[in-house]
Structure formats: structure tokens, C-alpha cells
Amino acid sequence: MTIRVSRRRALQGAGALAVAAATLKAPAIAQNAPIRIGSVATLEGPFATGGQDAYRAMEMLFQAENMTIGGRRIEWIRESSNAQADVALARARKLIEQDNVDFIIGPLSGAEGIALKDYSATLNGKTIINGGSGAADTTLRNPSRNFFRFNTDGTQWMAGLGTYVRRTLNVSEVTVVAGDYAFPYAQVFGFSLEFCRLGGKANYLWAPLGTTDFASQIAQIPRSSGALVVVHGGTDGLAFMTQYAQAGGSLPLIGGSIMADATMMSARGPHRRLMVGMVSGGPVADVIDDPQWNDFVARYKRMPGAFPSPSIHAVNFATNTMAAILALKQVNGDLSGGQAAFQRALQGLKFKAPTGAEVSLDHNRHAISDVFLNRIEERNGQPTTVAFQRATQINQTLGVPEAQFLALGAPSRNNPGCVAAS
Amino acid sequence: MIAWLQSRAGRWTAGGFAFLLVLPAILPELMPANQANFWLGNIFGRAIVFGIIAMSLTFLATYGGFVSLAQMSVAGVAGYVVAITVNGAAPSIVGGLTYVTAIPLGIVAAVLAALFVGVVSVRTRDIYLLMITLALAMGFFRFVETNIAWFNGYEGIRNVLGPTVFGLPFRDPHVIYYVSLLLAATLYGGVLYLVRSPFGLVLQGIRDNPRRIAALGYNVALHRVAAFGVAGFIAGCGGVMMTIYNIGISPGSVGLGATINVLIMSVIGGLGHPIGAFIGSLIFAFFDTFAATIYDRNRFNTLIGIVFLVIVLVSPDGVIGLAKRSYAYLKAKSAPQRWDKPT
Amino acid sequence: MTLQLTLTILLNGLTLAALYFIVASGFSLIFGLMRTVNMAHGSLYMVGAYVGYAVFEPLYDQDVWYAWYVGLVAGMAVAAVLGVAMQKTVLGWMQGQELRQALVTIGISIIVADQLLANFGATSRQFFAPDAIFGASFVPGVGRYPTFRLFQIGVAIAVGIGLWLLLNRTKVGLMIRAGVDDRDILSACGVNVPVVNIVVFALGAALAGLGGVIGATAQPLAQGVDGRFLLISLVVVIVGGMGSITGTAIGAILVGLAEQVGQALFPTYSVILTFVIMVVVLALRPQGIMGRAR
């Protein structure tokens, strides 16, 4: 009995939904209705600084458009997660279903990105544009047609670094210390792929996420290592570097992309001394010799509470927001027709990111763009990342044909990408 | 059954259930259709799903006197087992099973995990039990967060879409709503039935005086562990629903925050009756969703923390207790007026 | 694994255990007398560390040598004041309702963590130890070893001896021990039990603050450390035995060693080792290694 009731209700509801969907389409075409943009970034927990900075950059870009595109006002609804996938999902659902936003820009971290990608696949006529999340599988495996990402991922960020260490620094053996989870895996994979292909030897020491005491791991670094590749993020990175400094470590340092980020560099501590001279790869640096970047930084600095230089999250969110604004302009703010024109415009974009890097999308709707090799220098008493080399138009598979790249398998602790050239 | 339906509690329960059954037809009258769907799936549906998990805690607390913080982990065990074994999940860890086999497997695993918690904490109670279950919960969280081979670490396992029900995808808010409602109603009825059974009476006896029950010849430890098993079954059902609702599971779903949230739901609703879990869960879902609108989004935790604190300080039996007392107060106030009337 | 590496790892475990002991001893002390499970103990750690840092930073910028010590005292003082405030305003009048107290302190810890985020932001922070205890020292069999970690052991031993003297050689200690055994008789003897409670709470909270500053010098201070150190305190006290200082020391050593050895031998599963120890202890001795049977 109850089952029959529920089924009837469900069918009735589904019918009501269809009617409602038909009636809802009308106001969406109206040119004067506002464009509703939702965003999800991390404003709680350990990544909160990055989320705040991301919103700072987004606000700056929307303000530059006077909050209007194609004659339609922009209504920006900000939500916050805590870097947990299910919280990001709850926020995205609220934005799409309750607030009825046209598209979402976000989220910030890897697990959240994969959760929102899966959610976007269940949507019709709605779009999710990534914020700052950098897990490869958000777009590489099982991509969603409604999910677009204009920032590069963790593997891409290491392009050129392995070659630099092997060729320029002439180091034949390195030790990689990295977090034992997907984001560092992707970066280590990118590094090892180049480094080992050139005959380099790599030792790996993995530490679980949230490790705070690295003393025993530091004691295990082989003496034969010519350099130390540190792929930790945030607090883990700070803990590692401080303890490495305290233990009197002195190997040349190579950093993952978020090791040399503004959020890490603005933290004070003994690690700073050690980090001067560190070479790292990434989508951004404090100093990039590019007019587009200098202009962006100058505008960013006028925002209240800005860092001396925009963080990696601010730049990634800004790149994706720029893409959204450009595509909206191309379609003159018209999001009708299930956003088909808007999504086509996104797919076809070719523009310069805040860093001056040219961005376009591949067939998985993932960015092909430039990444930088950076060195940390003391400037005005502040450690500053300075881009000294640029690897141009790096795609998600680092130039390896996609089928071949996928055949290497997903990056993991057992698959760090260290395949010697055959 | 008939007698129960004629009692006040029975009338309320039946009325409430009938209301919830027709709610999907009422909501579109009150708000635009897309919002109605949102309220159905993501306020009420979500409240029922998490209410089931909270009810497993309320069941243990109300009838056994055990405030176990491991219930979210037990739910997580079920969710993870489904995500690990079912076809279509990404990444595929084991895979190969359909939902028809994966879901019972998940629930069995949850019951086993709950029995384990029960055995480990069998000789403790009150705050000791609270501490031990919290430590176990955090151990489970840290394990799934750091283990890649089975749990895919921090990223968790995604794309658990759920089965189709009568040809409708599980993602339809009506399906989520009705499946969780019927599941919750069945479990709720089961709990009310169980606590009147000999097992439930012994359990309540243990809560009030374990020595006397032991002296009567009952095996106290066995009853306690069995109670954890029952709660594990409830939490496991909730965990499966939660995983499908979230299209997957990741360590954040079983972390300290999630664990405490279940406690908050139970306590706000009231640790005196299983219905409190659902009331608390609904209040929580509402606050969680609309904190940005009614208060500063960034300070949501302060808001919910204050609500929680006030409830614990003012009304330890939660909203139910508050309602009961106001009812009694109003009755007491109106009663003399009747007597004042000249006869 | 070489002998040197083994010794280093063992020493790492002991120095980590020292930090855990400092934090958990306050938790154990409060629990021992009042049966209050202070779920906000991690919050006291975090408040001590953040406030200590706020005091420390401007002094450090002026390059005064005592910056760190002032930060330490400030952190302890603020944690003690917050602890006393908790005891006086809410916990005091529900003495004996242990579960309700635990719930209240959970509520407080949620609010405190969020307010710390609001006031201090999410940037990781770290104290710099004074020059005298920074850098590396020579340890026989190990080689160069961070001085501050050795200093941690010194602080832990001082705390342990201090607590032992307090409990066994002073009048307050006598009252505390009597209170552990029978609060009602103690009260009947004319001892003002609420005042003893406040003293103990202040002391326990100050130890959390001390742990906070020491911990934030050894490891970064970030959002979430409150939960971590609450959990460590719980496990240490469950393993060592509730309310026993010796038990806390044993528990801290077991947990510290397990963490470091586990990390060196099997990093992916190291997390579990701690909890395996806990479960085994609970199975064999539910009251903890040094706990008295209830």
C-alpha cells in the first residue's frame, strides 16, 4: 500500500517537475534578469586563507565589469566549504537547486573537484567551471560534459622541473618527500616522468596526510641524494621544512607547486632561510616578467586584505572567472537553450590568464597552458618566487599521447612515474 | 497496534507520517518547483538520511545509556563497503557487485564494525565510553584518510549513483525522499517495537541498574554488545543512504566534524526519544543550508555551537523536552481557568 | 636499518612523547579529581598557542631575547583563565553530571575553534625557539639532533616531577588526592571543594597552554590542532589509566614511540598502530595500564 502511494506521488512530482521546468525557461531568456553566478571555495578549516584570497580575486574581476555583462547584472552568491567533498556537494546543490544559479565557479581542493564533476554530470543546462582544484582525474578520466577547467593540474605544474634538475643542476639522484595522497602523487608523477627519462634515479619517502612530526623521515633521507624534492602542501610543508631546518639539513631543495606559494611564504619561521634558492614548478610566481601579470598584481594589491602577491588559489580562481566572463561576453549574457552557446564559447576560448600564459581547452575541457620554473629569492627582505623559465603550452599528458599516458596508470605511491627511457 | 494508534503518541506518529507522505505534493504549492525539489531532496531527504544515523546514537543513548560517538564511523563502514564493491564507482577498488548485493554487504559490515565497537567498550560506560568511541572514530577517520589501497585516501570514492527504483534514477529527489522516508519509518517502528520486547526491557534494565539485571541471570555484556549491533544495523542503513545521497564517500564524511554533527543532531532533538534524532537532523539541515542567509556563512560553526551549548545548558533533553515542558506549562496555565468557571 | 637510524627514531619517539605528556597530563589531572572529561582541552591548547604567538610576535620583531618566554607565560596564563572561566560559569554547577559536562565542553570547543579562525585566520604559524635552544646538539649514538626536542624532554620531566611534588608533598595535593577518593567526605571535613576544583582546573588548563606553546614551536600551529591534541590526550589517558600521572607518562611514551616507529616501518598503516595499542590495552585492562579498577 505504502509503496503504491509513494510511487504515485513520485510520478506526480516528476510531472510537476516537468511542467515547472517548462515554465522556468521563460524568465531565463529575459535579457534583464540578472545572471546568477554561484561560487564554492574553502573558507573554513586549514585551507581557509586560500579560499579567502580566491574570493578576493573574483570580486576584483567582477567589479572590473561593473557587475554587468551583456546588459545583465551579475548576482554573485558565495558559498563556503571546508575542503570536504560532501560539504562542497551540499553547497553546490543549494546553489543550483535553491538559489537557481546559472553556473558555479569552484571548488578549491581536489576531492571537492571530483565530487562536483560527478554532480555536474547529473545536471542539464547548468555548468560548473572549476575554481582551483587540481586533481588530474577531474577531467582526465571519466570527464563530465558540464565541467570546464581553465587552470592546469598538479602533473602539468611540474613540467620542465625534472629536466632542469637532471640537466641544468646535473643531479643524478634525488630523494622525493611527498604527501601520501592524490595531489602530491600527480606532482611527483610529473616530475619523475621527466627526471627518470633522462636517466635520473629517485628515492621516495611518503608521509600520510596530516603528519606533523617528520623527524624520523628526515633521518631516513639517503646520503647519496644530490637534491631533495619536497612535495608537501600547506601545514605539512611548513612542518617538514621547519624540522628539516632544525635537523640541520643542507641539500639543495626542489619544491612542488604549493611549496612556494604565497600562503606558505607568508608564514614566518626558520624554514624561510632554507627556502631561499629553492627551485619549484607551478602555474604562478610572485615575479613574472609579463605586462599582463604586473597589471593584474597591481590591481590585486588594491583589494582590502591582499597579500603582497596573489596566491595560487587566487590566480586559479581568477583564470577560471576570466574564462566565464569572456564566454558570457561572447554570447552577450545569453544563457538560454540549455547554455549550449555559452558552453560552446567556453570550449572555444583562447585567452591570456592573469600570469600572461595563453590558455585553451583540450577535448576533455581541460586547460592547455604555460607553467613556470621559479626560484625563491630574497627581495626587500621578503622571500619571493621569481619565474626564470616558462614551459609553453603544456597539455594534461605532458606531451605524451593520451592513450600512452593513460596506459601508464593513475599516479600513486606505487606508480610514481619513474620510467627509465627504453 | 490499534491501541497504540489510539494513544496520543500513536496519533501524533501516524499523523506526522501521513503528513510526510503527502509533503511532496504540498511543497510545490508553497514555492517555485525547483526550490520545492531542493527542499524535498536536500532539506527533508537529507534530514531523514542523517536522522537515521543520529537515531542509531539516540537508540543507544536512550535505551542503553551509551553515548557512542562511533556511529558515524559505523555508517561510514557501510558506505565505504558499498563504494568499494559496487560497479561504477570511481576509482574502482574491488567492484563487480550490483547494488542488490553491495548494499546488504555494506550493512553486514556495519553491524560487524558496531559489534567490534561494542566488544571493545563493553566494560566501560558514560564518559569512558564517550572517550573510547571518539578515539575509535578518529582512528577510523585517520585510517581511511591515509589508506590509498582500499579507501583511496583523502579523495575518497566517488560516483556511487545508487540503483534505479521502479525505473526512476535514485538521483530524483522524490526517489531519495520516499526511499529514505520509508526506510526511516520502518527502522523507527522497529526501534519502538524492539524496546518493548524482552530484549529492550533488559537493555533498559541494564541502563538503570546493571548489577540487578546480572543478578537476575541475564548476560549483561552480551545484551550490551547486541544493542551495539542493532544500532550498527540502523547506522549502516543510514550510511548506505548517505553515500548514495552524496554520490560517494570521502574521509570528510566520517571526520571529527561529521562525528560531532551527528551528536549535535541527536542532542538538539533530544536524547529521550528516537524521534528527536529526526527533529534535530531537520533543524541542523536547515541551519546548515541557510546559515549564509540568516547569519554570516563564515561563522556557521559559532552559530551551531551556541545553539548546541544553549540546548545542553537549558534543556538537556533537547527540543522534545522543551516542547513537552511548554505543553505541560500551557496545560497547567489553562487548567485553573476552567476550574474558575462557576458550576 | 642502521643502529644510528634506530636510535634516532627511538629518540624522536621519546621527544614526541614528551610533548604528548605535557598536554595530556593537564587533561588527566582535571579528570582525576573532577571526573570531568574536558573535551575542550584541545581548544585550551590552541588558545594558549595562538595568544602566546600574538604576544610573542611583536617582541620577536624587536629582537628581544625573552620574546619566546613571555609568549610561553602568556599562553599558559590565558589558557588557565579560560579554563577557570569554563569551570566557574558552566561546569561548576553541573558537577557530577559527567556526560552533560562533556557535551558542554564539546559545544565550547566548536565555538572556540571558530572564533580563533575568525580572529587569527588560517595561516599556519610557528614560534621560533630562543637561540639557546634552537639548532642542533650532539647526542652520543645519534649525532646532531635538534636541541629543542631535547628541551621538550626536559620540560616534560620538570612537569612530571612538579606534579608529583604537588600531589604528594603539599596540602593542596593532599586535598586533591582526598578528593579523588571521596569528594563528599572531603567536603564534610570543611575543605572548600569548589575552590580546589578551580585550582585544579587552572593548573590543568595552564598545562594545555604550556603544551600549546611548546607544541607550536616544534610543529606548525594551524586550524585543526585542537582535535588532534584532544584525540592524543584521550588515547594517552585511556592507555595509561585515567587520572594517574605515571600512567599518563607511560601512555604518552607508548603513543609517541608507536607513531614514530610506525612511520618509519610502515608509513601507510602507522596511524593504526596507536589505535591497536589502545584496543589491546582496553581488552586486557579496561581501566588502563596504571588505572585503578572501578
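Colleague: Is Glu155(B) buried or exposed?

Modeller: A residue is buried if 20 or more other C-beta atoms lie within 10 Å of its own, exposed if 12 or fewer, and partly exposed in between, with C-beta atoms placed from the backbone. Glu155(B) has 28 other C-beta atoms within 10 Å. By that count, Glu155(B) is therefore buried.

Colleague: What kind of model is this, and how are its parts labelled?

Modeller: Residues are numbered from 1 along each chain as its sequence is written, while chains are lettered from A and ligands numbered from 1 in the order in which they are written. Local features need pLDDT of at least 70, side-chain atom pairs count only at pLDDT 80 or more, and totals for chains, interfaces and linings use all residues, since the model is predicted.

Colleague: Which helix gives the most to the side of chain B that touches chain A?

Modeller: Here 38 residues of chain B are in contact with 42 residues of chain A. Elements of chain B that each supply at least two residues to this side are α2 (8–30), α3, α6 (126–146), α7 (173–196) and α12 (275–294). The greatest contribution, six residues, comes from α3(B).

Colleague: At what angle does α3(B) pack against α4(B), and how is that arrangement described?

Modeller: Axes are lines fitted to C-alpha atoms, for helices over the stretch in contact, and angles run from 0 to 180 degrees between N-to-C directions. Helix α3 (residues 33–64) and helix α4 (residues 71–85) of chain B have axes 9 Å apart and an angle of about 130°. Angles under 35 degrees count as roughly parallel, over 145 as roughly antiparallel, 65 to 115 as roughly perpendicular and the rest as oblique. The pair α3(B) and α4(B) is therefore oblique.

Colleague: How many charged residues take part in the contact of α3(B) with α4(B)?

Modeller: Ile53(B), Ser56(B) and Leu57(B) of α3(B) meet Gln71(B), Met72(B) and Ala75(B) of α4(B). Ala, Val, Leu, Ile, Met, Phe, Trp, Tyr, Cys and Pro count as nonpolar, Asp, Glu, Lys and Arg as charged, and the others, Gly among them, as polar. In this contact, four are nonpolar, two are polar, and the number charged is none.

Colleague: Are α6(C) and α8(C) roughly parallel or roughly perpendicular to each other?

Modeller: Helix α6 (residues 171–181) and helix α8 (residues 193–218) of chain C pack with axes 11 Å apart, at an angle of about 105°. Val172(C), Met175(C), Ile176(C) and Gly179(C) of α6(C) make the contact with Val193(C), Val196(C), Val199(C) and Val200(C) of α8(C). Seven of these residues are nonpolar and one is polar. Given their angle, α6(C) and α8(C) are therefore roughly perpendicular.

Colleague: How many residues of α2(C) are buried?

Modeller: Helix α2 (residues 41–61) of chain C has 21 residues and reaches 30 Å from its first C-alpha to its last, close to the 30 Å expected at 1.5 Å a residue; the expected span is 1.5 Å times one less than the number of residues. The helix α2(C) is largely enclosed by the rest of the structure, because its buried residues number 15.

Colleague: Which two residues of chain A are joined by a cis peptide bond?

Modeller: Most residues other than glycine have a negative phi, and most peptide bonds are trans. In chain A, a bond with omega about 0° is cis.

Colleague: Phe166(B) and Ile247(B) both have a positive phi; which of them is buried?

Modeller: Phi is near 50° for Phe166(B) and near 55° for Ile247(B). Phe166(B), in the loop between β2 (164–165) and β3 (168–169) of chain B, is exposed, with 11 other C-beta atoms within 10 Å. In the loop between α10 (220–245) and β4 (248–249) of chain B sits Ile247(B). With 23 C-beta neighbours inside 10 Å, the buried residue is Ile247(B).

Terms used: Helix = DSSP H or I, 4+ residues; strand = E, 2+ residues; numbered from the N terminus. Contact = placed C-beta atoms within 7 Å.
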